[in-house]
Amino acid sequence: MKRIFLTWLSALLMLSMLTSTAKAEGGTVQVRIAGFPVKVNGQIINNKQVAYPFIVYKDITYVPLNWDLIQEFELDVDWSEQEGLKVYRTCCATSYGKYPALEKSGLTQNPTTTNSLTSSYSAKVASYPIQIWGHQIDNGQEPYPFLEFRNVTYMPLTWKFAHIALMMDLQWSSEEGLAIWSGQDAVMQQIVYDDAEALYIDADRGTGGMLAMLKVDKTFQTHPVWLDPPQADAIRVKAKQAAETQASEGKA
């Protein structure tokens, strides 16, 4: 009786192992919702309630390639049944981003879901063709493959894909979590002049590349202030006079 029981137990264990192997080969993996803070261009993501939260697989954070985040990152995504998924970045309106920073709307989040930060969830390894800026990915051989979660493609935020291929900046700290910067247009340019209280900086104020000037308090305790054109012109005169004095007399 004991021998029969052991034989039955061995068969049961073998069946369990075969079932697990079949699931792994079929592309099913276990992921969890990111339990640490995640910021996208300075905006905190509500991972507890958004439908497409950031997830973690094999200690790597994954970003959902849904419409709102694609727009926020200023990435481009194409999809077809024949060629699969293509992720890339088109030529920018400026050296940093597609859109003037001061005209860009904030990230839209719809907190309509309840996500558990302690449970695991099932995701699938993406089986369709994937290209990152023209480079074909062998997703089946990737240590951190693209995944599908809730019918949305998730991209691993590895240095190879996120930073090198798509020029996204990644910052991590144990206190503040993960910060991702992408598609950020520059506002401030060069410092034109300074006095005892403030820095005066050329800045891009909007569409058409209109150049304006910001006054930035040297204590950094107040918000920068836009100068009106006569004030900016007066600062430029001072800057020119200072430059001429330095050229003729030198400055300590």
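First, a word on the basis of what I say. This is a predicted model, in which local features need pLDDT of at least 70 and side-chain atom pairs count only at pLDDT 80 or more, while totals for chains, interfaces and linings use all residues. Residues are numbered from 1 along each chain as its sequence is written, and side-chain values use heavy atoms, with hydrogens and water left out.

Let me begin with the overall picture. The protein chain has 4 helices and 18 strands; these are DSSP runs numbered from the N terminus, with helices being H or I of at least four residues and strands being E of at least two. Of the 252 residues in the chain, 35% are buried. Here buried means under 20% relative accessible area, exposed means over 50%, and partly exposed lies in between, with a 1.4 Å probe and protein chains only. The chain exposes about 15600 Å², and carbon and sulfur atoms supply 55% of that area; the areas come from the Shrake-Rupley method with a 1.4 Å probe, and for residues only the protein chains shown count as cover. Among contacts with a separation of 6 or more, 55% involve residues 24 or more positions apart, a contact being heavy atoms within 4.5 Å.

I turn to the interior. A nonpolar core is a set of buried Ala, Val, Leu, Ile, Met, Phe, Trp, Tyr and Cys residues joined through side-chain atoms within 4.5 Å. Which residues have the most contacts inside the largest core? They are F54, I132, M155 and L157, in a core of 31 residues. At least two residues of this core come from each of strand 2 (38–40), helix 2 (67–73), strand 7 (84–88), strand 9 (130–132), helix 3 and strand 14. Another core lies apart from it and has 13 residues, including I33, I55, I60 and Y62. Beyond its neighbours within four places in sequence, M155 is in contact with T61, Y62, V63, L65, I132, F146, L166 and M168.

Next, T153, which belongs to strand 12 (residues 152–156). Is T153 buried or exposed? Its relative accessible area is 14%, so T153 is buried. Leaving out residues up to four places away in sequence, T153 touches V63, P64, L65, L85, Y128, F146 and L147. With Y128 there is also a polar contact between the two side chains, at 2.5 Å. A polar contact is a pair of N or O atoms within 3.5 Å; within protein, one must be able to donate a hydrogen and the other to accept it, and residues adjacent in sequence count only if both atoms are side-chain atoms.

Now the hairpin. Strand 13 (residues 169–173) and strand 14 (residues 177–181) pair in the antiparallel sense over 5 bridges, where pairing requires at least two bridges found by DSSP. The hairpin joins these two strands through 3 residues. Within this pairing, D169 has W181 in strand 14 as its bridge partner.

The salt bridges follow. A salt bridge is a side-chain nitrogen of Lys or Arg within 4 Å of a carboxyl oxygen of Asp or Glu, and by this rule there are 4. One of them joins K86 and E83, at 2.5 Å from N to O. In another, the closest N and O atoms of K160 and E142 are 3.2 Å apart. This pair links distant parts of the chain, 18 residues apart: K160 is in helix 3 (residues 159–165), and E142 is in the loop between strand 10 (135–137) and strand 11 (147–149). K160 is partly exposed at 44%, whereas E142 is buried at 17%. R236 and D202 form a further salt bridge, with closest N and O atoms 2.8 Å apart. Here R236 lies in helix 4 (residues 229–249) and D202 in strand 16 (residues 198–204), 34 residues apart.

Finally, some loop residues. Most residues other than glycine have a negative phi. K58, although not a glycine, has a positive phi of about 55°, and its place is the loop between strand 4 (55–57) and strand 5 (60–64). N151, also not a glycine, has a positive phi of about 65°. N151 sits in the loop between strand 11 and strand 12, and its relative accessibility of 74% makes it exposed.
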